[in-house]
Amino acid sequence: MNVRSHDSALRSDLNFQGGPQAIQGGPQAIQGGSQAHRTPKTVADSALKELRPAGRERLIVVEDDPVTRTMLVGYFSENNFDVIGASSCAECRQALRARTDLIFLDVQLPDGDGFELAKEIQATSNAGIIFVTRRDTDVDRILGLEIAGDHYVTKPINLRDLLARARSVLRRRSLDRKAARNHNSIAFGDWIIDLTRRELLGSDGKPVALTRAEFDLLAALVGADGRPLSRDYLIEVVSNRQAEVDIRTVDALVARLRRKLVGSGTPVIATVTGVGYKLALSERL
């Protein structure tokens, strides 16, 4: 699907407030359009996923209004983001199984509350959150920012302003991650690994007992930023700790780590068939 032509067609059907970058109106704005415009889910999602270029920052648009969702998917795809549309909390959770850098989150969703979903996201992901909603009371705005939001944007949307906010959030979070690494302390899921002290701390702040081989293997997975590491590479990582190391040793170490790293309900170490293992949780700062 050609997202650029789809986006251009949508813009011609919409009325804008405050210039060509602001959206107003609902689904009626595209009545009489093509079948693609009336599709309740973003048709571009699967095509974008297949064509994702390496290095793009990944964005999830959680919005139940198909007009707004398709507009945001098209606009941010044109601005070099890998964009996935989600019309509900359930679809957002499914999209979050892959690494995500930023989420545009509506507050009113058909199967749940956006504020509660934001809390859930914050507990398991390092993704930035920008609320994009029609709810414009001070109470909602303050609640959103206090819970998890990096920004709170009300509709109608100024696309250029939203793009600037998105880039600002991503720059700041990138700097925060670099600063954390400079201090050799990295947070992921419910845990913090201190590479200098060689400690793993749980959500309660108490150390988790690891053998030296377990720590070395976990540190390698955390340092890979979600990239899969082969079993052969992991053999090299832990071979200086044990006289005889083979693939079965690596598998046994992973099994022991999985038993020790429980609590969030999400697997910490994922098996990559034919390759090895990777960290399944995003970093959390």
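Which residues of α4 are buried?

Reply: This is a predicted model, in which local features need pLDDT of at least 70 and side-chain atom pairs count only at pLDDT 80 or more, while totals for chains, interfaces and linings use all residues. Residues are numbered from 1 along each chain as its sequence is written, and side-chain values use heavy atoms, with hydrogens and water left out.

In α4 the buried residues are P66, V67, T68, R69, T70, M71, L72, V73, G74, Y75, F76 and S77. Buried here means under 20% relative accessible area, exposed means over 50%, and partly exposed is in between, with a 1.4 Å probe and protein chains only. Because 12 of its 13 residues are buried, α4 is largely enclosed by the rest of the structure. The helix covers residues 66–78 and reaches 18 Å from its first C-alpha to its last, close to the 18 Å expected at 1.5 Å a residue. That expected span is 1.5 Å times one less than the number of residues in the helix. Helices (H or I, at least four residues) and strands (E, at least two) are DSSP runs, numbered from the N terminus. Just after α4, N80 takes a positive phi of about 70°.

S88 is buried, at a relative accessible area of 10%. A polar atom of its side chain lies 3.2 Å from the backbone nitrogen of E91. That is a polar contact, a pair of N or O atoms within 3.5 Å; within protein, one must be able to donate a hydrogen and the other to accept it, and residues adjacent in sequence count only if both atoms are side-chain atoms. Leaving out residues up to four places away in sequence, S88 touches V62, P110 and D111, where contact means heavy atoms within 4.5 Å.

A disulfide is a pair of cysteine sulfur atoms within 2.5 Å, and the count comes to zero. The sulfur of C89 has its closest cysteine sulfur in C92, 7.2 Å away, so the two are too far apart for a bond. Both residues are buried, C89 at 2% relative accessible area and C92 at 0%.

Charged pairs come next. Side chains of opposite charge can pair when their charged atoms come close. A salt bridge is a side-chain nitrogen of Lys or Arg within 4 Å of a carboxyl oxygen of Asp or Glu, and the whole structure has 13 of them. In one of these, K155 and D106 meet at 3.8 Å, N to O. K155 lies in the loop between β7 (151–154) and α8 (159–182) and D106 in the loop between β3 (102–105) and β4 (108–109), so the pair ties together parts that are 49 residues apart in sequence. Both partners are buried, K155 at 14% and D106 at 5%. E63 joins D106 and K155 in a network of salt bridges.

Another salt bridge pairs E214 with K260, with the closest N and O atoms 2.8 Å apart. It links distant parts of the chain, E214 being in α9 (residues 212–223) and K260 in α11 (residues 247–260), 46 residues apart. E214 is buried at 1%, whereas K260 is partly exposed at 32%. D251 and R231 also meet in a salt bridge, 2.9 Å from N to O. D251 is partly exposed, at 27%.

In soluble globular proteins, nonpolar side chains tend to be buried together. A nonpolar core is a set of buried Ala, Val, Leu, Ile, Met, Phe, Trp, Tyr and Cys residues joined through side-chain atoms within 4.5 Å. The largest one has 28 residues, and those with the most contacts inside it are F188, I193, L217 and L218. The elements giving it two or more residues are β8 (185–188), β9 (191–194), α9, α10, α11 and β13 (276–279). α9 gives the most, with eight residues. I193 touches residues including F188, F215, L218 and V222, with residues up to four places away in sequence not counted.

Lastly, I142 lies in α7 (residues 138–147) and is partly exposed, at 46%. I142 and Y152 are 10 residues apart in sequence and 8.7 Å apart in space, C-alpha to C-alpha.
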